[in-house]
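Reader: Can you put the model up? I have some questions about it.

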Amino acid sequence: MTTTSETKKLNTDIYEIRRIKASDYEDVTKTLTVLTTVGVVTKEKFHKLLNYWDSVKLPDRPDERMFNPLVIVNKKTGKVVATGMLLIEPKIIHECGFVGHIEDIAVASSEQGKNLGYHLIRSLVETGKRSGCYKIILDCDAKNIGFYEKSDFSKAGIEMQIRF
Ligand SMILES: CC(C)(COP(=O)(O)OP(=O)(O)OC[C@H]1O[C@@H](n2cnc3c(N)ncnc32)[C@H](O)[C@@H]1OP(=O)(O)O)[C@@H](O)C(=O)NCCC(=O)NCCS
């Protein structure tokens, strides 16, 4: 009999989860369009942003980064099929504790429903735990609550915003 943990196992013959890199430019900008408008992002801007993300380390944790953008790659096609970010915020409260923020989760339409979103969230959460976050939070549409609940998140608070 197949158990839930077996069905949820990432097929590593096909998929790889890794940090984003410069050559992902086209795939990542395309993948993000399932989430929102990406607009004009030149390759140069993309590379500059990645260099910035790579350069910022956590206070007292020189091996851990503040910006943790991950991708899932389909190894058969070489294409990025999912992307997501864990931003780690060093705070004053909780003895200068770290809070993780999950942002910009997107799975390419053709690859949705294959548990890739689940594995992406799991990897981001593991990164946050390893880096010492005491909690990880995110905002989402009501239609995606069930997805995040399947990844052990629970409803907390109310999102508010001011847009410019
Ligand atoms: C939402 C999204 C990230 C889900 O990724 P996915 O790879 O298709 O989801 P998974 O296959 O990993 O789903 C994991 C589990 O959550 C469930 N699930 C997925 N989307 C769901 C949803 N919107 N509502 C309720 N449950 C959902 C799946 O059925 C699966 O359940 P199971 O374990 O019982 O089989 C993806 O559909 C997506 O990129 N959507 C467009 C962009 C977006 O909305 N991003 C999130 C911004 S907050």
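Predicted model: local features only at pLDDT ≥ 70, side-chain atom pairs only at ≥ 80, totals over all residues.

Reader: How many residues surround the ligand?

Author: 19 residues surround the ligand, and the closest are Gln112, Gly117, Tyr118, Gly146 and Phe147. A residue is near a molecule if its C-beta atom, placed from the backbone, lies within 6 Å of it.

Reader: Which elements supply at least two residues of that shell?

Author: Strand 6 (98–107), helix 5 (116–130) and helix 6 (145–149) each do. Helices (H or I, at least four residues) and strands (E, at least two) are DSSP runs, numbered from the N terminus.

Reader: Which residues of helix 5 are buried?

Author: Leu116, Gly117, His119, Leu120, Ile121, Leu124 and Gly128. Buried means that 20 or more other C-beta atoms, placed from the backbone, lie within 10 Å of the residue's own.

Reader: And what do they pack against?

Author: The buried residues of helix 5 pack against strand 1 (15–19), strand 4 (67–74), strand 5 (79–90), strand 6, strand 7 (133–137) and helix 6. Contact here means C-beta atoms within 7 Å, placed from the backbone.

Reader: What comes just after helix 5?

Author: Gly132, with a positive phi of about 95 degrees.

Reader: Switching to Val71, what does it touch?

Author: Val71 touches Arg18, Ile20, Asp24, Val28, Val80, Ala82 and Thr83, not counting residues up to four places away in sequence.

Terms used:
Residues numbered from 1 in each chain as written. Buried ≥ 20, exposed ≤ 12 C-beta atoms within 10 Å, placed from the backbone. Contact = placed C-beta atoms within 7 Å.
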